[in-house]
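Opening the notebook on a new model today. I'll jot down what I look up as I go.

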Amino acid sequence: MGKIDTEAKSYLSNNERFCDVFNFCIYHGKSVITPDGLNELDTTALAIPYGNKARKHVQKHRDLLKLYAAKQDKGAIYLILGLEIETKIHYGMPVRAMLYDAMSYTHQVQLITEQRREVKPKQTYHEFLSGLGKEDRLKPVITIVLNLSGKSWDGCKSLHELLAVKDEQLLQFIPDYRLNLLSPDLLDEQDFDKFRTSLGAAMQFIKHQHDDDMNWMLDQKRMESVDRITADFIQTATGVNLHLKENDEAYKYVQSMGQLYEASKRRGHG
């Protein structure tokens with residue numbers, strides 16, 4: 001695992017930034033999913049696929065996985081939220097993400113099966129066969145794929161796109177799986193305003209990292225409140241040397257960004 005992968009996971013594991021990703025993608029930036037409702041889950045996806053007579057486990061490691069629990073008027077809502085961070089374009093991502101989600105659901109079935117056998121030894125044939133009771137329900141799993149490669153995502157965004165068959169009649173019988181893709185290059189400039197944390201500034205910087213000038217920074221107030229952790233993340237993710245001082249911990253205005261901002265301002269009004 002490279003430095004960018006490690007630092008990206010550390011940066012996005014923060015509950016506020018993790019929420020920022022999902023609120024942006026699901027609720028267009030509204031603060032619906034809150035940090036206090038998040039709980040860490042084991043990122044090791046371990047499951048025994050159905051029909052596996054050898055009982056051999058399949059093991060995959062997810063990047064970030066959290067359980068969201070929130071009280072509502074008529075009970076509570078539970079969601080399993082997974083974030084897959086891609087620093088390179090993964091051309092098989094629809095299958096990979098689909099496998100992660102399927103394994104999360106399989107793991108839930110296994111847990112319910114074990115619980116039912118402990119509290120209800122006598123089960124009907126159908127309950128024993130499936131491991132589930134008629135009224136049992138699973139927690140929804142939502143996986144978002146975050147593209148931090150600095151390049152446009154030119155891979156397939158759904159299972160159907162990845163298939164060699166394009167016959168619409170056949171595809172009707174093949175369930176599709178669509179990627180929930182968050183890629184900076186696909187965002188409009190006003191979209192970055194929907195982020196509630198400095199992640200918006202980081203995403204905007206990643207989008208424009210290959211620009212010939214820094215004019216995009218003109219009048220971008222979010223750049224004036226970038227914290228040190230985000231500045232370090234931007235530097236690692238983009239390779240742009242911000243000349244950060246190692247011991248400079250307490251500041252809200254990143255000096256090097258301020259210099260870039262002022263330089264772009266002079267060019268814009270020159």
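**Entry 1: a valine to start with**

Before anything else, I note that this is a predicted model. I began by clicking on valine 95, which comes out as partly exposed, with a relative accessible area of 40%. That value falls between the 20% under which a residue is buried and the 50% over which it is exposed. Valine 95 belongs to helix α3, residues 93-119. What does valine 95 touch once its neighbours within four places in sequence are left aside? I got Leu159 and Leu162. I also took a C-alpha distance from valine 95 to leucine 179: 9.4 Å, for two residues 84 apart along the chain.

**Entry 2: the whole chain**

Stepping back, I counted secondary structure and got 9 helices and 7 strands for the protein chain. The chain has 270 residues, and 42% of them count as buried.

**Entry 3: aromatic pairs**

How many aromatic pairs does a search of the whole structure find? It returns 3. I wrote down two of them.

One of them is tyrosine 11 with phenylalanine 233, a stacked pair at 4.3 Å centre to centre with 10 degrees between the planes. Tyrosine 11 sits in helix α1 (residues 3-13) and phenylalanine 233 in helix α8 (residues 228-238), so this pair ties together parts that are 222 residues apart in sequence. Are these two residues, tyrosine 11 and phenylalanine 233, buried or exposed? Both are buried.

Phenylalanine 24 and phenylalanine 195 make another: their ring centres are 4.3 Å apart and their planes are at 5 degrees, so I log this pair as stacked too. Here phenylalanine 24 comes from helix α2 (residues 15-27), while phenylalanine 195 is in the loop between β7 (180-182) and α7 (199-207), so the pair ties together parts 171 residues apart in sequence. Phenylalanine 24 counts as buried because its relative accessibility is 9%. The value for phenylalanine 195 is 7%, so that residue counts as buried as well.

**Entry 4: charges over rings**

Next I looked for charged groups on ring faces. Tyrosine 11 turns up again: arginine 17 lies over its face, at 4.1 Å from the ring centre. I also noted lysine 139, whose charged end sits over the ring of tyrosine 78, 5.8 Å from the centre.

Then α7, which is mostly covered: 8 of its 9 residues are buried. I listed the buried residues of α7 as Leu199, Gly200, Ala201, Ala202, Met203, Gln204, Phe205 and Ile206.

**Entry 5: cysteines**

How many disulfides does the structure hold? I got 0. I checked the cover on a couple of cysteines anyway. Cysteine 19 has 3% relative accessibility, so it counts as buried. Cysteine 25 is partly exposed, with a relative accessible area of 31%.

Most residues other than glycine have a negative phi. Histidine 28 is not a glycine, yet has a positive phi of about 55 degrees. I find histidine 28 in the loop between α2 and β1 (38-40). Its relative accessibility is 58%, so histidine 28 counts as exposed.

My last stop was lysine 71, in strand β4 (residues 64-72). Why does lysine 71 count as exposed? Because its relative accessibility is 82%, and the cut-off for exposed is over 50%. From lysine 71 to glycine 37, which is 34 residues away along the chain, I get 9.0 Å between the C-alpha atoms.

Definitions and conventions. Residues are numbered from 1 along each chain as its sequence is written. This is a predicted model: local features need pLDDT of at least 70, side-chain atom pairs count only at pLDDT 80 or more; totals for chains, interfaces and linings use all residues. Side-chain values use heavy atoms; hydrogens and water are left out. Rings of Phe, Tyr and Trp (its six-membered ring) pair if their centres lie within 6.5 Å; planes under 30 degrees apart count as stacked, over 60 as edge-to-face and the rest as tilted. Helices (H or I, at least four residues) and strands (E, at least two) are DSSP runs, numbered from the N terminus. Buried means under 20% relative accessible area, exposed over 50%, partly exposed in between (1.4 Å probe, protein chains only). A charge sits over a ring if NZ of Lys or CZ of Arg is within 6 Å of the ring centre and within 35 degrees of the ring normal. A disulfide is a pair of cysteine sulfur atoms within 2.5 Å. Contact means heavy atoms within 4.5 Å.
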